Amino acid sequence: MRYKLQEEEYEKIKELVDYALSASNKAEAKRYIQQLNYVALGLQGAANNILQELIASVNAASGQVSDKERKSYFAQMDLYKLKDFVE
C-alpha cells in the first residue's frame, strides 16, 4: 500500500488529462481516461479518492460537451489537489 505518487506518475497523469480534455470526442478521450486508472495502480487513501474524482471530472469534461470550460476547470482543480500527494 502506498499513499503518495511519484513525480513521474503525476506528470504522466497530467499529460493524460491534457490529452483527454483536448480530445475531439468522447471515444478518443476514453482511451486516455482508461489509462489514468493504471498509472497509479496501488494508490490508497485520500490520494486514490482524489484520483477517482479527477477521472470522473475528466470524463465529464472530455469531448464535445456543453459548458466545457467550467467542467475542465473542475478537472484542473482535482489535478491541483492531487499535487499535494506527490513525493
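Helices here are DSSP runs of H or I with at least four residues, and strands are E runs of at least two, numbered from the N terminus. By that rule, the protein chain reads α-α-α-α along the sequence. It has four helices and zero strands. Its radius of gyration is 12 Å, close to the 12 Å that the globule rule gives for 87 residues, so the chain is as compact as a globular protein of that length. Keep in mind that this is a predicted model.

**The chain in figures**

| Property of the protein chain | Value |
|---|---|
| Span of the C-alpha trace along its principal axes | about 35 × 20 × 15 Å |
| Buried share of the 87 residues | 38% |

Contacts tell another part of the story. Take those between residues at least 6 apart in sequence: 72% of them join residues at least 24 apart.

**A patch on the surface**

Which residues form a nonpolar patch on the surface? They are Tyr73, Phe74, Met77 and Tyr80. Together they have about 450 Å² of accessible area.

Look at one member, Met77. This residue is found in helix α4, which covers residues 68–82. Is Met77 partly exposed or buried? Its relative accessibility is 33%. Buried means under 20%, and exposed means over 50%, with partly exposed in between. Met77 therefore counts as partly exposed.

Definitions and conventions. Residues numbered from 1 in each chain as written. Predicted model: local features only at pLDDT ≥ 70, side-chain atom pairs only at ≥ 80, totals over all residues. Heavy atoms only, no water. Patch = residues over 30% accessible without salt bridge, like charges linked within 9 Å, V, L, I, M, F, W, Y side chains within 5 Å. Areas by Shrake-Rupley, 256 points an atom, 1.4 Å probe, with all protein chains shown as cover. Salt bridge = Lys/Arg side-chain N within 4 Å of Asp/Glu carboxyl O. Buried < 20%, exposed > 50% of the residue type's maximum accessible area, 1.4 Å probe, protein only. Rg over C-alpha atoms; globule rule 2.2 N^0.38 Å. Contact = heavy atoms within 4.5 Å.
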